[in-house]
Amino acid sequence: MTSRGPGKQVRKSAAERRREIVAEAARIGLEEGLECVTRQRIADRLGVQSGLIHHYFPVIEELVAEAFTSATTEELDGLLPEVDTAVAEPGADSPLRTFQRFFTLISGTEFDNISKLWLNARHLSRYRPALHDRVVSQELRWCHRIEQIIAQGVREGAFRCADPWSAAVRVLAVVDGAGAYINTSADRRVEPLADLARTLAEAELGLAPGGLKQPPRRPPE
């Protein structure tokens, strides 16, 4: 289990090698689609024999499912980090600021590949049971994370929402729905849909219109 190529070869632990394989599979899924996650494709990019990939993942569908989970977990933690209820700086990482940042980020193009991955995975999950289970699990994980942030905001008095779970499901449905056009007419639909999820969330959380817009950064003094 060593990497090929010039120079000194470094033997990696089983855990390190497995993480490396999953990470590369996730990158391929994001850049090219989950159909392109094959042992040979990963081996070529890592500079190893395809048999090494088979050693860790005898069933390729398990690797595809793991790659999807890795990519979408990283996305979730980047876009919606869990709220810290004991922050040192007042207002830092608050539910309100977390959502303001979230809706600003998803309105841009930085996360287009992850939107394509979700669309890709939902289609393939009709035929791939292992992937189907991970898609369902990640959908629920997203909903629970949004629910957690809403509930914390309600406790802090920043939001008014009687049913955080239902609100979370509706918000995520609109976010995903807007992303459904990512492979086709996104260029003609992005602008009209840009504020749809944020506007819905403001209504769900009892905020005034524009309450989830991220304030402009102050120039350094």
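Me: Cysteine 143: buried or exposed?
Reply: Buried, with a relative accessible area of 9%. Keep in mind that we're looking at a predicted model.

Me: OK, on to the inside. How many residues are in the largest nonpolar core?
Reply: There are 50 residues in that core. Ile42, Leu63, Phe99 and Trp142 have the most contacts inside it. As a general thing, nonpolar side chains tend to be buried together in soluble globular proteins.

Me: What does leucine 63 touch?
Reply: Leaving out residues up to four places away in sequence, leucine 63 touches Ile21, Val22, Ala25, Val37, Ile42, Ile53 and Phe57. Ile42 is also one of the residues with the most contacts inside the core.

Me: How many aromatic pairs are there?
Reply: The count comes to five. One of them joins phenylalanine 99 and phenylalanine 103, a tilted pair at 6.2 Å centre to centre with 45 degrees between the planes.

Me: Which aromatic pair links distant parts of the chain?
Reply: Phenylalanine 102 with tryptophan 142, a tilted pair at 6.3 Å centre to centre and 50 degrees between the planes. Phenylalanine 102 is in helix H5 and tryptophan 142 in helix H7 (residues 129–156), 40 residues apart.

Me: Why does tryptophan 142 count as buried?
Reply: Because its relative accessibility is 4%, and buried means under 20%. Phenylalanine 102 is buried as well, at 1%.

Me: Which residues do ring pairs link into a cluster?
Reply: Phe99, Phe102, Phe103, Trp142 and Phe159.

Me: Switching topic: what's the volume of the second largest pocket?
Reply: About 360 Å³. It is lined by 17 residues, and the closest to its centre are Leu30, Ser70, Ala71, Glu74 and Glu75.

Me: Which elements give two or more residues to that lining?
Reply: Helix H1 (14–32), helix H4 (60–79) and helix H6 (112–124). H1 provides the largest share, seven residues.

Terms used
Residues are numbered from 1 along each chain as its sequence is written. This is a predicted model: local features need pLDDT of at least 70, side-chain atom pairs count only at pLDDT 80 or more; totals for chains, interfaces and linings use all residues. Side-chain values use heavy atoms; hydrogens and water are left out. A nonpolar core is a set of buried Ala, Val, Leu, Ile, Met, Phe, Trp, Tyr and Cys residues joined through side-chain atoms within 4.5 Å. Buried means under 20% relative accessible area, exposed over 50%, partly exposed in between (1.4 Å probe, protein chains only). Contact means heavy atoms within 4.5 Å. Rings of Phe, Tyr and Trp (its six-membered ring) pair if their centres lie within 6.5 Å; planes under 30 degrees apart count as stacked, over 60 as edge-to-face and the rest as tilted. Helices (H or I, at least four residues) and strands (E, at least two) are DSSP runs, numbered from the N terminus. On a 1 Å grid over the protein atoms alone, a cavity is a set of points where a 1.4 Å probe fits but cannot get out, and a pocket is an open set with protein on both sides within 12 Å along at least five of seven lines; lining residues have an atom within 4 Å of a point. Grid points are joined across faces, edges and corners, and a volume is the space filled by probe spheres set on the points.
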